[in-house]
Amino acid sequence: MTAHTGLLPDEWLVSYAAGALTEAQALVVACHAEYHDEMKERIADAEAVGGVLLEGVVPARLSVGALDDAFKAIEALEDEPSSVKPTAPAFTDPRMPAPLAALLGKL
């Protein structure tokens with residue numbers, strides 16, 4: 001059974017903390033959290049649990065050229081033309097959640 005102790009199910013909050021939601025779902029969570037301190041605390045708890053779990057993971061050995069390969073991939077990205085659109089004027093309606101205003105400002 002899905003745990004549901006608030007506006008959004010716990011699975012969404014844990015997935016949000018892990019970065020596993022779609023952009024639309026993450027926006028819903030971020031906007032709700034903007035107005036609900038308890039939800040922010042639950043997200044912070046989920047992030048902390050994720051951090052503890054990561055500390056227990058045994059690091060994998062990288063190949064000899066892994067770092068060089070990573071730098072080459074970054075350089076290749078920097079050489080590509082930017083697909084960033086010009087930023088629209090910022091939305092300043094105080095009733096609008098900041099995550100939504102930030103997204104709308106990028107469109």
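Here is a short walk through the structure shown above.

The protein averages a pLDDT of 84, and 80% of the residues score at least 70. Among the elements, helix α1 has the highest mean pLDDT, 95, while helix α5 (residues 98-106) has the lowest, 81. Keep one rule in mind as you look around: where pLDDT is low, the predicted coordinates should not be read in detail.

Now for the overall plan. You will find five helices and zero strands in the protein, and reading along the sequence gives the pattern α-α-α-α-α.

Next, look at how two of these helices meet. Two packed helices are described by the angle between their axes and the distance between the axes. For helix α1 (residues 10-18) and helix α2 (residues 23-35), the axes come within 10 Å and cross at roughly 105°. Angles of 65 to 115 degrees count as roughly perpendicular, and α1 and α2 are therefore roughly perpendicular to each other. On the α1 side, the contact is made by W12, L13 and Y16; on the α2 side, by Q25, A26, V28, V29 and A30. Seven of the residues in this contact are nonpolar, one is polar and none is charged.

Finally, step back to the whole protein. Of its 107 residues, 15% count as buried. The accessible surface comes to about 8500 Å², and carbon and sulfur atoms hold 63% of that. Among contacts with a separation of 6 or more, 49% join residues 24 or more positions apart.

Key. Residues numbered from 1 in each chain as written. Predicted model: local features only at pLDDT ≥ 70, side-chain atom pairs only at ≥ 80, totals over all residues. Heavy atoms only, no water. Axes fitted to C-alpha atoms, helices over the stretch in contact; angles between N-to-C directions. Helix = DSSP H or I, 4+ residues; strand = E, 2+ residues; numbered from the N terminus. Parallel < 35°, antiparallel > 145°, perpendicular 65-115°, else oblique. Contact = heavy atoms within 4.5 Å. Nonpolar A, V, L, I, M, F, W, Y, C, P; charged D, E, K, R; others polar. Buried < 20%, exposed > 50% of the residue type's maximum accessible area, 1.4 Å probe, protein only. Areas by Shrake-Rupley, 256 points an atom, 1.4 Å probe, with all protein chains shown as cover. pLDDT = per-residue confidence, 0-100.
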